[in-house]
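Subject: Structure handover

Dear colleague,

Please find the structure we spoke about below. My notes on what was found in it follow directly after.

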Amino acid sequence: MSRLDGPVPFRGGGFAPRDRAWAAVATLVGIVLLWQAGASAGLIPTLFLPAPISIARALWSLTVSGELWKNLSVSLMRLAVGWILGTVFGIALGLAVGLWSVMRSPGMAIVSALFPIPKIALVPLFIIWFGIGEGSKLATLAFGVFFPTVIATAGGVDNVPRGLIRMGQSFGLSHAAIIRKIVLPAALPAILSGFRVTVSIAIVLLVAAEMIGAERGIGAFVLSAGNLYDTDNLLAGIVVLSVLGLVVSWMIGRLERIFLKWRA
Amino acid sequence: MTDGLRLTVDGVGHAYGGLQVLRGISLTAEPGQVMVLVGPSGCGKSTLLGIMGGMLAPSEGMVRCAGDVPADCLNPLTYVFQDFSLLPWRTVAGNVALVLEDRLTRTDCSARVAEVLALTGLTDFAKAWPRQLSGGMRQRVGIARALAVHPACLLLDEPLSALDAQTRDLLLDEFSTLITQAGTTTIYVTHNLAEAVRLGHQIVVLSRRPGEVRDILRVDRPLAERTAADPDLVALEQRLWRMIRDDAAVAERERIDVEA
């Protein structure tokens, strides 16, 4: 038999990770510093992986010459138009699939059949259909964004608490009012989560489409720099894409804070 | 103030697939009075309420409603839910306004929201989110939302069962006052017999599944004069318990069998 004597030991706590912005910044800065130190010490061959300072110089040069904006503005336009097209049609079909039995099985059959196709493989087909110009690139982006948006929206509608819909019905709200005031707001968290995924997909497809058939755009710029073994500019382009991803992710975070402030 | 509707339940039965839950129910809820449905777990109280409110189509029989509905009534048969059913993305005032927005002008909507928030003691919480409220306050919002449409008949599905005992007692007093003031026909489902004797003019006792009307007790004392310590009401509560105790014990064993 053992004997206990003393304060009860605390065994709770933990399992509640919190965001620490300084840790995120410190991690990125630490990696860049280590990278620079490795390059300066000759441990990293700069011919294949340029030092951060060289990439920064290349970025500055591209900014001052206006070359960066020439490419970035075209990419941003493609990203915005392609993403919006895919999102609008995706939300529309997702709502239809989630709300109406007549659309559910046919809609999900189409999504299940077409979603797994690698969209990059469709770029040559889209070039045949829409030409080498903007049409094929926008179609690639929109197609890639469309399916995950359908799935996120339909899932969000499926998860709307049925009790809330019954409440709306019991108060005699119209079908349209129930969709507008109950279903859409309740599905919004899932739709916004879907945005995070679709924006990343859109950036990946943007670069792929621009690499296949474009004169301007960050993808075309990265491909051109690679062909010339200009690794400084190649990595400068990749940094721009990374920053683009961070900015878009931040914007979606802001949207969530605005539209989902009730969750707090 | 309205005389409310008369709801007549005529030979209602209901089955979920092969499971018969209600059989041969015939009742009349009198205008302006409170009918309380009690019975053991699973006897079909909430199903019967759903049928009476038009939210569920009965397998047999029908429910009729008759009576004058006031001109400003926006939803004659109005529910109050056990789980409150508040929209978490709307404030207290927004939840109440939900059922008025498309039917009233903005000015009239605001006026009616302010009126029912004052009636239910929620004026200071108009801008609060549901997550910031206690269970009792959330159910007050549910009541405010129901009263905002000036109903002719209120249907309450165990509205106090999700609350702690103290809050339940406090809200029971408020319910009694609000129901008296509103003067609507009220159908109230509960498994709590103390609530039944405090609120009911008619107490309908259902048997265990399939639920049938076992007895109907009438309580003539005005709601305003009823108290928890009233010996007559305590005696009635004990009588009710004796009526349903055996059924409740069997129903509980059946529930365990089903869950196992």
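In chain B, strand β3 (residues 34-38) is joined by 4 bridges to β8(B), and the two strands run parallel; within this pairing, B:V38 has B:V205 of β8(B) as its bridge partner. Please keep in mind throughout that this is a predicted model.

Both strands belong to an open sheet of 6 strands in chain B, ordered β5-β6-β7-β3-β8-β9, with mixed pairing. Its edges are formed by β5 (77-80) and β9 (213-218) of chain B, each of which pairs on one side only, and neighbouring strands are turned against each other by 15° on average, direction ignored. Helix α1 (residues 45-52) of chain B packs on this sheet, where it touches β3, β6 (153-157), β7 (185-189) and β8 of chain B, and its direction makes about 155° with that of β7(B). Helix α4 (residues 135-148) of chain B, for its part, lies across β5 and β6 of chain B and runs at about 175° to β5(B).

One residue that I looked at separately is B:H201, which sits in the loop between α6 (193-199) and β8 (202-206) of chain B. B:H201 counts as partly exposed because it has 19 C-beta neighbours inside 10 Å, and, apart from neighbours within four places in sequence, B:H201 is in contact with B:Q33, B:V34, B:R218 and B:V219.

As for the contact between the chains, 13 residues of chain A and 16 residues of chain B take part in it, and α7(A) supplies the largest share of the chain A side, 6 residues.

Best regards

Definitions and conventions
Residues are numbered from 1 along each chain as its sequence is written. Chains are lettered from A and ligands numbered from 1 in the order in which they are written. This is a predicted model: local features need pLDDT of at least 70, side-chain atom pairs count only at pLDDT 80 or more; totals for chains, interfaces and linings use all residues. A residue is buried if 20 or more other C-beta atoms lie within 10 Å of its own, exposed if 12 or fewer, and partly exposed in between; C-beta atoms are placed from the backbone. Two residues are in contact if their C-beta atoms, placed from the backbone, lie within 7 Å. Two strands pair if DSSP finds at least two bridges between them. Axes are lines fitted to C-alpha atoms, for helices over the stretch in contact, and angles run from 0 to 180 degrees between N-to-C directions.
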